[in-house]
Every structure is written in structure tokens, then in C-alpha cells.
There are 2 protein chains.
Amino acid sequence: MSYLGVGVSPGKYAAGSKNDSKAIDRKVRLAELILRTAVCGLALVAALLVATDTQVKEIFTIRKKAKFTDMKSLVMLVVVNGVAAAYSLVQTFRCVVGMVRGSVLFNKPLAWLIFSADQVMAYMIVAAIGAAAQSAAFAKLGEPQVEWMKVCDMYGKFCTQVGEGIASSVLACASMIIVSAISAFSLFRLYAGNKAW
Amino acid sequence: MSYLGVGVSPGKYAAGSKNDSKAIDRKVRLAELILRTAVCGLALVAALLVATDTQVKEIFTIRKKAKFTDMKSLVMLVVVNGVAAAYSLVQTFRCVVGMVRGSVLFNKPLAWLIFSADQVMAYMIVAAIGAAAQSAAFAKLGEPQVEWMKVCDMYGKFCTQVGEGIASSVLACASMIIVSAISAFSLFRLYAGNKAW
């Protein structure tokens, strides 16, 4: 069994029932493919919803335009979701290649790389959503104790679209968290046999 | 080999070199113990630093008191760090019991439980830090586009202590992320043998 030209056949696999493990591997890989495609789509939608969001408000003669660059947390949300979408596209492609080739097991360095990248991606999206949701909460509810006003009272349409962006990002994040658990599974099951250490 | 009275001996372990795997298990368990103790201590320090933080400011005749309950993200930071500290205390106790008993391998339901709880805890701390760091950034730098003022100009001492709390929480979070990778390892290596499915 080879993967991207560098094949390993970890520890004890060969000894067991090959058909059983292959069937499970196929299911895991299919789940990974679906979830990575979902992350790609949802993160892209989130980034586009926030990045294209604008609203113009005229107060007497003053013309004010709200856009996502007015708030750093929204810029971060767009960037992180953009990166997650691009990363997931590459990973989806890798999954498809793996399925077409019929390779079942990863080699360890690649499994470590994918595991680490998935972890970084999942935690980055969670942090970006935390920050963006906090900003959205301030904008929607204000913070009377420190006299921060409810900006959403002025820019209702803008806030609604940002909310949709955050919702899409939350779905992308949930998928990414499951994907990162799958890549942890793909990596650490290689470490069961003593020879593999 | 038994763990908390419910023992399993996963798939292929018995076949390999027992001494090697036991030595590695001891190292992994020791690392887990140290990291869980670190999470417990650091999260407790973070919660206490933020929860005990107050500053009184007198502006002419008006007396204003800043406290962590003025900002919901700080309340969330205190709660999440408190929960993480308590959870890590229980887990540290479990690690010590495991080491004293000399049990090496988990049973699967327990490994799943610990893995899931660790994941939830790690992502919760990351989200709480994201939100608190965003609030701190608004308080320190303001957000001129939406006319939110720099609260830290007024409550400098209060902001510094919150910053220390967030820093302690970041360290707790980093340890928790490594712990959650260790528990993923402890769980998924049980799935290498085909019998184990």
C-alpha cells in the first residue's frame, strides 16, 4: 500500500482481517472527504458574506459607510475563513487522489503534518469565531457599563449579514473539529504496534 | 491489566515487546500528569486574577468602580477557567490513581469520555480567550469607527491585571491543547487492531 509514492504498512495491520479494515477505512475516508468539502464551501460562504457586506447611512448631510474593515475581528474572520477554505480545497483534492489511487493508510510524516495542520486550523477558526461573536454581541447589545453604543441599531442590514457569516463559519468550524478528530484517528492508530515507535 | 476495575487488553499489545510499550506509556502518562497539573494551576490563577480585579475611579463627585462583571466576556473567562481548573484537578487525581495502580491501558468507553471532555475543554478555553482578547483589544485601543472609547485610559491598573489573567489563561490553554492530543493518542491507538472495531 502506498500513499503519494511513500508507502508504509504500519505494525499489525497485515495480520488482521484486511477486508474489514479496508471497509472501515473507506468509510472514514468518505466521511473525511464530505466534511472537508463542507468546510471548504461553508468557510468560503462565510468569508464572502462578511467581506461583501456594506451599508450606507445618511445622517443629515453626513454619509457613513459600514464595511467589514471597520472592525479588526471581522477582518480576522474573513482571513481565517479564507485560509480554511483554501486549505480544505487542497485537502479535498488530496482525499480524492487517495480514493482514486485506492491507498488506505498514511505514512507517518504525512499523517503528522495533516494532524498538526488540522489542529491549527480548527483552533484558529474557534478563536476567530470567539472574537467575532464578541464584537457582534457588543454591536448588537452595546456595553452600557463602558458606554459602548449599540451600533446595530444604526446598521441593521449590515449586522444581519455579519450574523449569517458567523453562522456559516460556526458550521464550517464544527465540520473542521470532526475532521481534526478523524486526522488524529488516522495518525494515532499507526502507533498501536510496538514496532511502530 | 485493569483500569478502574474495568479492564481491556486491546488487540495486538500482548504480542509485542511489553517492556518497551510500558516505558513509553509511563512517559506519556507522566507528561499528561504534569500538563494537567499545569492546566489546573494556570487556569485557577487566571480565574482568580480576573475575578478579584477591581479599580475605583473618582471623576469629580462621581465614584465609578470597574469589576469583571461589567463585561460578559470576562465573566465567561472566569467561568471557563474555573471549570477547566476543577476538571483538571479531577483528571490529575485520576492520573495519580492510574500511576499508583500501575495500570497502563484505558478501556475504550473511558478513553472516549476523556477524549471528548478534553476536546470540549480545549475548544471552550480557546473560544473564551478569543472573546476576552477581543474585548481587551477594544478596551485598550478603542474602535474609532464605531466610537467605542479606550476604557483602559481610565482603568489602567484594572486592564493590566485582566491582561495578566488572559496571559495565564493562554498558557493553560496551550497545555490543554497538548493534553487533548495525548488523550486522542490514548484513545485512537486502541483502534489499530482489526478486532478492536
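Let's start with Val79(A). Where is it? Val79(A) sits in helix α2 of chain A. Keep in mind that this whole model is predicted. Is Val79(A) buried, partly exposed or exposed? Its relative accessibility is 48%, so it counts as partly exposed. The cut-off for exposed is over 50%.

Together with Val83(A), Val120(A) and Met124(A), it forms a nonpolar patch on the surface. The accessible area of the four together is about 300 Å². Which elements give two or more residues to this patch? They are α2, residues 72-101, and α3, residues 108-141, both of chain A.

Now step back to the whole of chain A. It has four helices and two strands. Follow the sequence and you read the pattern α-β-β-α-α-α. The chain has 197 residues, and buried residues make up 52% of them. What about its outside? Chain A exposes about 9100 Å². Carbon and sulfur atoms supply 70% of that area.

Next, contacts inside the chain. Take those between residues at least 6 apart in sequence. Of these, 81% join residues at least 24 apart. Keep that in mind for the salt bridges.

So, on to charges. Side chains of opposite charge can pair when their charged atoms come close. How many salt bridges are there over all chains? The count comes to 16.

Here is one of them. Arg94(A) pairs with Glu32(A), and their closest N and O atoms are 2.8 Å apart. Which helices does this pair link? Arg94(A) is in helix α2 of chain A, while Glu32(A) is in helix α1, residues 18-51. Are they buried or exposed? Both Arg94(A) and Glu32(A) are buried.

Here is another. Asp118(A) and Arg36(A) meet in a salt bridge, at 2.7 Å from N to O. Asp118(A) belongs to helix α3 of chain A, and Arg36(A) to helix α1. They are 82 residues apart, and again the pair links distant parts of the chain. Both Asp118(A) and Arg36(A) are buried.

Now put those two pairs side by side. Glu32(A), Arg36(A), Arg94(A) and Asp118(A) are linked in a network of salt bridges. Find these four residues in the structure and look at them as a group.

One more within chain A. Lys157(A) forms a salt bridge with Asp53(A), and the closest N and O atoms are 3.4 Å apart. Lys157(A) lies in helix α4, residues 156-188, and Asp53(A) in the loop between α1 and β1, so the pair ties together parts that are 104 residues apart in sequence. The two partners sit in contrasting surroundings. Lys157(A) has 43% relative accessibility, so it counts as partly exposed. Asp53(A) has 0%, so it counts as buried.

Time for chain B. How does chain B relate to chain A? Turn it by 180 degrees, with a shift of 0.0 Å along the axis, and it can be laid on chain A with an RMSD of 0.0 Å. The two copies are thus related as by a two-fold rotation axis.

Where do the copies meet? In the interface, 41 residues of chain B are in contact with 41 residues of chain A. Of the interface residues of chain B, 100% are also interface residues in chain A, so the copies meet through the same surface.

How much area goes into this? The size of an interface is often given as the accessible area lost when the parts come together. Here chain B and chain A bury about 4000 Å² between them. Carbon and sulfur atoms account for 66% of it.

Two salt bridges are found across the interface. Look at Lys72(A) and Glu143(B): they form a salt bridge, with the closest N and O atoms 3.7 Å apart.

Last stop, Ile177(B). It lies in helix α4 of chain B, residues 156-188. Now compare Gln145(B). Ile177(B) and Gln145(B) are 32 residues apart in sequence, and 35 Å apart in space, C-alpha to C-alpha.

Note on methods:
Residues numbered from 1 in each chain as written. Chains lettered and ligands numbered in written order. Predicted model: local features only at pLDDT ≥ 70, side-chain atom pairs only at ≥ 80, totals over all residues. Heavy atoms only, no water. Patch = residues over 30% accessible without salt bridge, like charges linked within 9 Å, V, L, I, M, F, W, Y side chains within 5 Å. Areas by Shrake-Rupley, 256 points an atom, 1.4 Å probe, with all protein chains shown as cover. Salt bridge = Lys/Arg side-chain N within 4 Å of Asp/Glu carboxyl O. Buried < 20%, exposed > 50% of the residue type's maximum accessible area, 1.4 Å probe, protein only. Least-squares fit on C-alpha atoms with pLDDT ≥ 70 in both. Contact = heavy atoms within 4.5 Å. Buried area = accessible area lost by both parts, 1.4 Å probe.
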